[in-house]
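Please open the model in a viewer and keep the selection panel at hand.

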Amino acid sequence: MLLVGGAMGMQTLHLSDSEFGDPLVYSGAKGEAVDARRFSVKLESVAVAKSIKSSTKTVETDHLFLVVDVAAKSSLKPYHLKEPVLVTGDGKKFDATDRVDNSLTLSRKWVQPDIWTRGRFFFEVPASALAGASVRFRLPGASSVLVEPYRPEAEIDLGLDEDAARKLAASPQAVYSTDKK
């Protein structure tokens with residue numbers, strides 16, 4: 001009976017295929033470096049705008065462009081970060097916008113060992129998505145065939161409660177320029 005009970009107990013510890021593929025998420029707050037073992041990321045600042053201007057074009061939105069300025073470094077070898085995901089306070093997920101050229105984002109820069117590299121990511125969101133939101137950073141998948149168990153991700157809280165989100169959304173920049181000054 002003891003062996004049967006032990007076997008049944010072990011069955012409850014078995015992970016499903018979806019749980020086996022879930023990431024290992026390291027969390028932090030705006031301004032602090034979040035170490036996800038293979039890479040670290042730090043949210044430097046957050047801004048909102050009604051349009052994004054690059055040297056070649058200006059893109060406008062009826063909602064808001066959320067601009068997150070981040071710094072990242074790797075631990076052992078160079079990586080490119082994958083485009084992050086914005087997770088709202090109520091669990092909705094927004095991918096980084098494809099309306100802003102990818103070459104303007106940190107995902108196009110190499111993140112080197114022990115050297116902080118700065119860059120931006122852009123999201124197109126409604127104002128209601130800001131309160132309680134966080135941004136989740138990850139590395140690109142090695143292969144579509146292999147599933148890496150417990151791949152690292154870093155999730156950083158934007159630090160926006162209802163009041164801060166309302167104030168930020170009420171005063172967006174008319175134009176956010178990506179051109180270097």
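Begin by selecting Asp163, which is partly exposed at 44% relative accessibility (buried means under 20% relative accessible area, exposed over 50%, partly exposed in between, with a 1.4 Å probe and protein chains only). The model is a predicted one, in which local features need pLDDT of at least 70 and side-chain atom pairs count only at pLDDT 80 or more, while totals for chains, interfaces and linings use all residues. Residues are numbered from 1 along each chain as its sequence is written, and side-chain values use heavy atoms, with hydrogens and water left out.

Helices (H or I, at least four residues) and strands (E, at least two) are DSSP runs, numbered from the N terminus.

Next, select Arg136 and Glu153, whose side chains meet in a salt bridge at 3.4 Å, N to O. This pair links distant parts of the chain, with Arg136 in strand β8 and Glu153 in strand β9, 17 residues apart. Both Arg136 and Glu153 are buried.

Now display the strands. In what order do the five strands of the open sheet run? The order is β1-β9-β8-β5-β6, and the pairing is mixed (two strands pair if DSSP finds at least two bridges between them). β1 (24–29) and β6 (93–95) stand at the edges with a single partner strand each, so one side of each has no neighbour in the sheet.

Select β9 (residues 152–157): five of its six residues are buried, so the strand is largely enclosed by the rest of the structure. β9 runs parallel to β1, joined by six bridges, and Leu24 has Pro152 in β9 as its bridge partner. With β8, the pairing of β9 is antiparallel, over five bridges. Moving on, β5 (residues 85–87) and β8 (residues 134–138) pair in the antiparallel sense over three bridges, where Leu86 stands opposite Val135 in β8.

Finally, select Lys30, in the loop between β1 and β2 (33–35). Lys30 is partly exposed, at 42% relative accessibility. The C-alpha atoms of Lys30 and Leu160 are 9.8 Å apart, although 130 residues separate them in sequence.

How values were computed:
Salt bridge = Lys/Arg side-chain N within 4 Å of Asp/Glu carboxyl O.
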